[in-house]
Amino acid sequence: MKVIKNFFWNAGYQVFALLVPLITVPYINRTLGPTGVGINAFTNSVVQYFVLFGSLGINLYGNRGTAYRRDDKVGLTIYFWEVTILRIIAIGVAVIAYLIFVSVVDRYRIFYLAQGLLLIAGALDISWFFQGLENFRVTVVRNVMVKIASIILIFMLIRRTEDTALYIVIIAGSQLVGNLTFWPSLHRTLGSFPQMSSLHIWKHVQPAFFLLVPQLATQIYLQLNKTMLGILQGVIASGFYENSDKIVKMLLAVVTATGTVLLPHVSHYFAKGDHLAVKHSLETSMHVILAIAIPLAFGIAAVSTPFTFYFFSAKFMPVAPLMAVESIVVIPISIASAIGLQYLLPTNQIKPYTTSVLLGSFANIIVNVPFILWLGTMGAVLGTIVSEVVVTAYQIYAVRKQVSLRGLFNETWKYFLSGLVMFIVIRVFGEIVGLSLIWLVYEVLIGVLTYVFCLSVLRPTTLLFYINPYINKLKKRFK
């Protein structure tokens, strides 16, 4: 039951994180315009490389290590401070490197300096610790409060394109404040600060670095597109891609919330030697993920044009076809989230996980330049799709002898067929009613009802077996 609660806490936060841009993005796009949005996307893509190097692989390494030690308060306290001090040292080195970089660039210097707050925020980020303890309530409640404050500041202070630097400060500063709010809760879980002589900081460098490699590779094909678009096509093209990518990944976060929740939970199973529970968790969660991811992909593609018109404004209409095509990545990313975060990492299979994302990065690097030069922003979208498909295909190949692929994907056709019918219904309905904000809402509702109806007809047995106990519990509560 704890996993379900954590899922709803995390999924609830992802829904809230989804609603925040629904409030702010239309305003920001109209206020800052394509140039301001593009500058933020481009400079942020650059600073993220420094944040990643400075963070090592500690978000995943610390999450998993905390889950392994959470029943040992003394060991957990020592581990926390060793990993935290290592991260602060590494971020300190990254800050020095970043300041050198900023000193040698002339263009966008003020924006780079504003983005630098993200490095300080990274040094103080201990959300991995609470996730490892499966205490998602702490991270959710405090982040919600900080995001609400940032929304208020955005509407109060951001008025024109010249406020782009201030907008960056608000966004990066809110992340810094959000990370600071975690620290007062530590005394409830940790013992007193250990003697420095008992801390062995450097022993964590190598295993954390091994988890940095896949994160670095992932960051390459997540951020490189925006960086290369900014260089090859200009910051406006980077802004168009950023808007498409933001919406797709924002909606995708609701699906991949299960990976964040189950990583520490499955790690705990693995530490106790319960391998059967690990495999069962992957199989059941895969069906839930596919049942959500497939209609989500079809839904984004179906409403991309009216959504772009009303959400981003007419100036951003080139985003519509980008979003429709990029929606494809929802499916491979969701599958990789299940296999990678819920199986490979918890069971300490770092090599296949690392290999998968390295192959994805290599694929992205190979196709990005020719695709962008040939197709512009759409080329970057296609590069993203190629990368994610390569990652997912290799992860499936890596686990083929460990888990039943039939058990994972045997009813995928039911989700796909239901999603396809939903897509056709939405598009036909959209052609009849045309562009209308109220009808856009109706399209989404009709799409959901169509998908649920199709599933009720096809009756995916694995999914129903998994969710029926929770449905029955809800029915009993309302009786």
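Predicted model: local features only at pLDDT ≥ 70, side-chain atom pairs only at ≥ 80, totals over all residues.

Biologist: OK, and how much of the protein counts as buried?

Modeller: Of its 479 residues, 57% count as buried.

Biologist: What about contacts, how much comes from residues 24 or more positions apart?

Modeller: Taking the contacts with a separation of 6 or more, residues 24 or more positions apart account for 85%.

Biologist: Let's do aromatics. How many aromatic pairs are there?

Modeller: The structure holds 18 aromatic pairs. One of them is Phe80 with Trp81: the ring centres are 5.0 Å apart and the planes are at 80°, so that pair is edge-to-face. Both Phe80 and Trp81 are buried.

Biologist: Which other ring does Trp81 pair with?

Modeller: Trp81 also pairs with Phe193, edge-to-face, at 4.8 Å centre to centre and 65° between the planes. Trp81 lies in helix α3 (residues 73-104), while Phe193 is in the loop between α8 (164-180) and α9 (205-232), so the pair ties together parts that are 112 residues apart in sequence.

Biologist: And Phe193 itself, what's its relative accessible area?

Modeller: Phe193 comes out at 45%, so it is partly exposed. Trp81 has 18% relative accessibility, and since buried means under 20%, Trp81 counts as buried.

Biologist: Which residues make up the aromatic cluster there?

Modeller: Phe80, Trp81, Phe129, Trp183 and Phe193 form one aromatic cluster.

Biologist: Switching to the surface: which residues form a nonpolar patch?

Modeller: Trp413, Phe416, Leu417, Leu420, Val421, Ile424, Val425, Val428 and Ile432 do, and together they have about 790 Å² of accessible area.

Biologist: Take Phe416 from that list. Where does it sit?

Modeller: Phe416 is in helix α17, which covers residues 412-433. With a relative accessible area of 42%, Phe416 is partly exposed.

Biologist: New topic, Val399. Buried or exposed?

Modeller: Val399 is buried, with a relative accessible area of 0%. Its place is in the loop between α15 (377-398) and α16 (405-409).

Biologist: So what is Val399 in contact with, leaving aside its neighbours within four places in sequence?

Modeller: Val399 is then in contact with Ile339, Tyr343, Leu344 and Leu405. Ile339 is 60 residues away from Val399 in sequence, but in space the two are 8.2 Å apart, C-alpha to C-alpha.

Biologist: I also spotted Arg400. Which ring face does it lie over?

Modeller: Arg400 lies over the face of Tyr397, at 3.8 Å from the ring centre.

Biologist: What about Arg459, what's its phi?

Modeller: Arg459 has a positive phi too, about 50°, and it is not a glycine either. You'll find Arg459 in the loop between α18 (437-458) and α19 (461-478).

Notes
Residues numbered from 1 in each chain as written. Heavy atoms only, no water. Patch = residues over 30% accessible without salt bridge, like charges linked within 9 Å, V, L, I, M, F, W, Y side chains within 5 Å. Areas by Shrake-Rupley, 256 points an atom, 1.4 Å probe, with all protein chains shown as cover. Salt bridge = Lys/Arg side-chain N within 4 Å of Asp/Glu carboxyl O. Helix = DSSP H or I, 4+ residues; strand = E, 2+ residues; numbered from the N terminus. Buried < 20%, exposed > 50% of the residue type's maximum accessible area, 1.4 Å probe, protein only. Phe/Tyr/Trp six-rings, centres within 6.5 Å; stacked < 30°, edge-to-face > 60°. Lys NZ or Arg CZ within 6 Å of the ring centre and 35° of its normal. Contact = heavy atoms within 4.5 Å.
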